[in-house]
Amino acid sequence: MKRHLISAADLTRDDAVLILDTAEEMARVADRPIKKLPTLRGRTVCNLFFEDSTRTRISFEAAEKRLSADVINFAAKGSSVSKGESLKDTAQTLEAMGVDAVVIRHGASGAPYRLANSGWIDAPVINAGDGTHQHPTQALLDAFTMRRRLIGPDAGLGQDLAGRRITLVGDVLHSRVARSNVDLLHTLGAEVTLVAPPTLVPVGVETWPCEVSYDLDSVLPKSDAVMMLRVQRERMNAAFFPTEREYSRRYGLDGERMARMPEHALVMHPGPMVRGMEITAEVADSDRCTVIEQVANGVSVRMAVLYLLLGGNEPAVAHPSPAATRTTRSAPAS
């Protein structure tokens, strides 16, 4: 794998399958009485969050602690950022403190790329969401959930999602989750369809590796998984649809629409959900909805990413002290 994880488009098929297979191993750790591995003992990981977050921040923190890393949580609110400190100065402060990896969420698209390639900090950078650009670990956990449900935990090892039909519905224009999922699912061989009002479809979408539809009802019967996207009002600066009721009627998923989906098909949502708008409570609480499962899988996937980016940085040949060498040689064989 590359040193940083900035975009889902940077991953090859082999990279993505390796992460998913490693996440499967990490998921088994969650079933143990003690959910800890010593892999990152002595490493320090900083969660650098310039935007509000619940699932992603807690998920990364849980993943880091399960790998025995030392964790520093940084929130822009209450920090020197509120006094005008730049990203460069924040990064150089972390570098001076000897941070081994940085997980960054930022409201500006491209901020993680800038951090990874600026020379301000000499550590792997993991993008936890930047503006409307990318959210690669969310796409990975979504693909992990699909593979587990559609193929099986053991049968899915080494497999991609070739031939599966995945539909993403909602605010594609402002969604970094949609962009990351289109990139990763295409890499894994899936056929992706975007469904949204014309006003919420990005300019240039015809160059994306996916189909576009404006009719949800025509796409549902042939979908293996349907992912509902939240309408991101905090990123909107115009009226993109007449009313919430109109949007829900055309693009919301209710029990009647869910009944038209194939029996094996999944209902997914990256969260947070707006019940009654893009998804009804009946669908959100059904057995076919994988929202809680996605949260659990997110910890396993982020453990896998941290393990692969940091666990492989150990020196190939250790150089113990002479005393340690004598102790090792005199120890009985187990």
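Predicted model: local features only at pLDDT ≥ 70, side-chain atom pairs only at ≥ 80, totals over all residues.
View 1. Thr-167 has a relative accessible area of 2%. That is under 20%, so Thr-167 counts as buried. Leaving aside neighbours within four places in sequence, its contacts include Thr-193, Val-195, Val-219 and Ala-225. Val-226 and Met-227 are also among them.

**View 2. The largest nonpolar core.** This core holds 84 residues. Leu-140, Met-146 and Leu-184 touch the most other members. Helix α11 (residues 291–310) supplies the largest share, nine residues. Both domain 1 (4–135 + 294–311) and domain 2 (136–290) contribute residues, so the core lies between them. Beyond its neighbours within four places in sequence, Leu-184 contacts Ala-8, Leu-11, Ala-16, Ala-139, Leu-140 and Ala-143.

**View 3. A second, separate core.**

**View 4. The aromatic pair Phe-50 and Phe-74.** The count of aromatic pairs is two. In this pair the ring centres lie 5.7 Å apart, with 50 degrees between the planes: a tilted arrangement. Phe-50 sits in the loop between β1 (44–49) and α2 (55–66), and Phe-74 in strand β2 (residues 70–75), so the pair ties together parts 24 residues apart in sequence. Both residues are buried.

**View 5. The aromatic pair Tyr-247 and Tyr-251.** Centres are 5.9 Å apart and planes at 40 degrees, so this pair is tilted. Tyr-247 and Tyr-251 are four residues apart in helix α8 (residues 244–251), which means a separation of about one helical turn. Both are buried.

Key: Residues numbered from 1 in each chain as written. Heavy atoms only, no water. Buried < 20%, exposed > 50% of the residue type's maximum accessible area, 1.4 Å probe, protein only. Contact = heavy atoms within 4.5 Å. Core = buried A, V, L, I, M, F, W, Y, C linked by side-chain atoms within 4.5 Å. Helix = DSSP H or I, 4+ residues; strand = E, 2+ residues; numbered from the N terminus. Domains from an automatic or database assignment. Phe/Tyr/Trp six-rings, centres within 6.5 Å; stacked < 30°, edge-to-face > 60°.
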